[in-house]
Amino acid sequence: MLKTTNYDVIIIGTGPAGLQAAIHAARKRVSVLLLGKPDKSSLFWAHVENFYAVSGMTGQQMLNIGREQAVGFGARFLEEDVLQISHRNVLFDLITESNITVDSKALIVATGTTRKKLGAKGEKEFLGRGVSYCVECDAGFFRDEQVIVIGNASAAVGGALTLLDYASRVDLVCENLDVTDALKEEIKKSDVILHEGTGIEAIEGKNSVEAVVLNDGSRIAVSGVFIELGARGVMELVTGLGVQLDEQMKYIETDKKMAANISGIFAAGDICGPPLQIAKAVGEGCVAGIGAAAYAKKVGKS
Ligand SMILES: Cc1cc2nc3c(=O)[nH]c(=O)nc-3n(C[C@H](O)[C@H](O)[C@H](O)COP(=O)(O)OP(=O)(O)OC[C@H]3O[C@@H](n4cnc5c(N)ncnc54)[C@H](O)[C@@H]3O)c2cc1C
């Protein structure tokens, strides 16, 4: 049976940041509980080709191996979302979706970011099969192919310009361009084909993306659809505790030890800001895991 009280370290998030934090914390011989659903990790849908020494492995395989490693070092898992966190003396109390309460001395927030969804027909169906939320991650998969980018802001415009180095044709669809005049000029002078004042009605294909249908009914043949509407962190959980966010209220601010401004709270991975990449997530997870374990030991002795 899962013990619910008196953990040294609780980690919210079972993506690469949370798993790496669990591995490093558990190896310091402190008790560790991980909360979250592996299939909700951004990595679950990824085919990774830019992570050191890993080739041809799916994100799902990486998550499974990471989980086995964490369990091997003694970490426990509870596959539930956290709905509430509060602070009681030196302990953090967390309530999960099935109303289980767990507590710990240290907390690591590794909740990733929610990629903003478009809501178009076919978007969910073709995720990882032509639909991407990350130009930086997936541009290389679309060499000499036709792609389309959706979004109004600098992420979309910058993404479209980057894709020119890879794809044979790049279209950009936006309601209205919301970027600096300089960037507007750059995109208009570039080879990107701009469709202003419209949006995407549907993404179509058989096994993978083959075309998009715009709001005006026109159809563009593409094999890649990049949705670049920005990324939003799961902040509601931690702002109530007084955790400091960045100026745009998107990411958690930490020091070099991945500690937030509230004693005992650490953060790692996408929730700490770009680049939204596995390499950064595991590096920060390592640092946060070591820091949280040391903090829990110190609190335990006092
Ligand atoms: C399609 C795709 C392809 C990608 N390809 C690459 C690539 O090739 N190379 C690369 O480096 N990066 C890639 N990325 C990015 C990479 O997946 C992320 O940078 C990485 O997964 C971030 O790790 P993380 O642990 O911070 O967050 P995530 O992996 O997103 O994990 C977040 C975790 O937090 C949990 N969580 C969230 N809220 C709660 C809550 N309230 N309670 C409990 N748990 C919660 C989730 O269930 C999940 O387990 C890709 C992303 C996508 C979407």
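The C-alpha centres of domain 1 and domain 2 lie 32 Å apart. The domain assignment gives the chain these two parts, domain 1 (6–114 + 231–301) and domain 2 (117–227); such bounds come from an automatic or database domain assignment. The structure is a predicted model, in which local features need pLDDT of at least 70 and side-chain atom pairs count only at pLDDT 80 or more, while totals for chains, interfaces and linings use all residues. Residues are numbered from 1 along each chain as its sequence is written.

**Contact between the domains**

- Domain 1 gives 5 residues to the contact and domain 2 gives 6 residues; two residues are in contact if their C-beta atoms, placed from the backbone, lie within 7 Å.
- On the side of domain 1 that touches domain 2, there are 4 nonpolar residues, no polar residues and 1 charged residue.
- In this classification Ala, Val, Leu, Ile, Met, Phe, Trp, Tyr, Cys and Pro count as nonpolar, Asp, Glu, Lys and Arg as charged, and the others, Gly among them, as polar.

**Surroundings of the ligand**

- There are 42 residues around the ligand, and Gly 13, Gly 15, Gly 36, Gly 112 and Gly 269 come nearest; a residue is near a molecule or strand if its C-beta atom, placed from the backbone, lies within 6 Å of it.
- This shell consists of 22 nonpolar, 14 polar and 6 charged residues.
- Domain 1 and domain 2 each contribute at least three residues to the shell.
- At least two shell residues come from each of helix 1 (16–26), helix 3 (135–138) and helix 7 (278–301); helices (H or I, at least four residues) and strands (E, at least two) are DSSP runs, numbered from the N terminus.

**Nonpolar cores**

- The largest nonpolar core contains 53 residues, and those with the most contacts inside it are Val 9, Ile 10, Ala 22, Val 32, Ile 108, Ala 267 and Ala 268.
- A nonpolar core is a set of buried Ala, Val, Leu, Ile, Met, Phe, Trp, Tyr and Cys residues joined through C-beta atoms within 7 Å.
- A residue is buried if 20 or more other C-beta atoms lie within 10 Å of its own, exposed if 12 or fewer, and partly exposed in between, with C-beta atoms placed from the backbone.
- Among the elements that give two or more residues to this core are strand 1 (7–12), helix 1, strand 2 (32–35) and strand 8 (101–109).
- Helix 7 supplies the largest share of this core, 9 residues.
- A second, separate core has 32 residues, including Leu 118, Ala 160, Val 212 and Ile 227.

**Helix 1 and strand 1**

- Helix 1 is largely enclosed by the rest of the structure, because 11 of its 11 residues are buried.
- The buried residues of helix 1 pack against strand 1, strand 2, helix 2, strand 8 and helix 7.
- Ile 12 belongs to strand 1 and counts as buried, with 24 C-beta neighbours inside 10 Å.
- Leaving aside residues up to four places away in sequence, Ile 12 touches Leu 35, Gly 36, Val 82, Val 109, Ala 110 and Thr 111.
- Between Ile 12 and Gly 112 there is a separation of 100 residues in sequence, yet their C-alpha atoms are 9.7 Å apart in space.

- An open sheet is formed by 5 strands in the order 10-17-11-12-13, with parallel pairing; two strands pair if DSSP finds at least two bridges between them.
- Strand 10 (131–132) and strand 13 (193–196) stand at the edges with a single partner strand each, so one side of each has no neighbour in the sheet.
- Strand 11 (residues 146–150) pairs with strand 12 in the parallel sense over 5 bridges, and Ile 150 has Val 173 in strand 12 as its bridge partner.
- Strand 11 also runs parallel to strand 17 (residues 224–227), to which 4 bridges join it; here Val 149 stands opposite Phe 226.
- Strand 12 (residues 169–174) is mostly covered, with 5 of its 6 residues buried.

**Backbone features in loops**

- Pro 274 and Pro 275 are joined by a cis peptide bond, with omega about 0 degrees; Pro 275 is in the loop between strand 19 and helix 7.
- Ala 53 is not a glycine but has a positive phi of about 65 degrees, and this residue is exposed, with 4 other C-beta atoms within 10 Å.
- Met 258 also has a positive phi, near 65 degrees, but Met 258 is buried, with 28 C-beta neighbours inside 10 Å.
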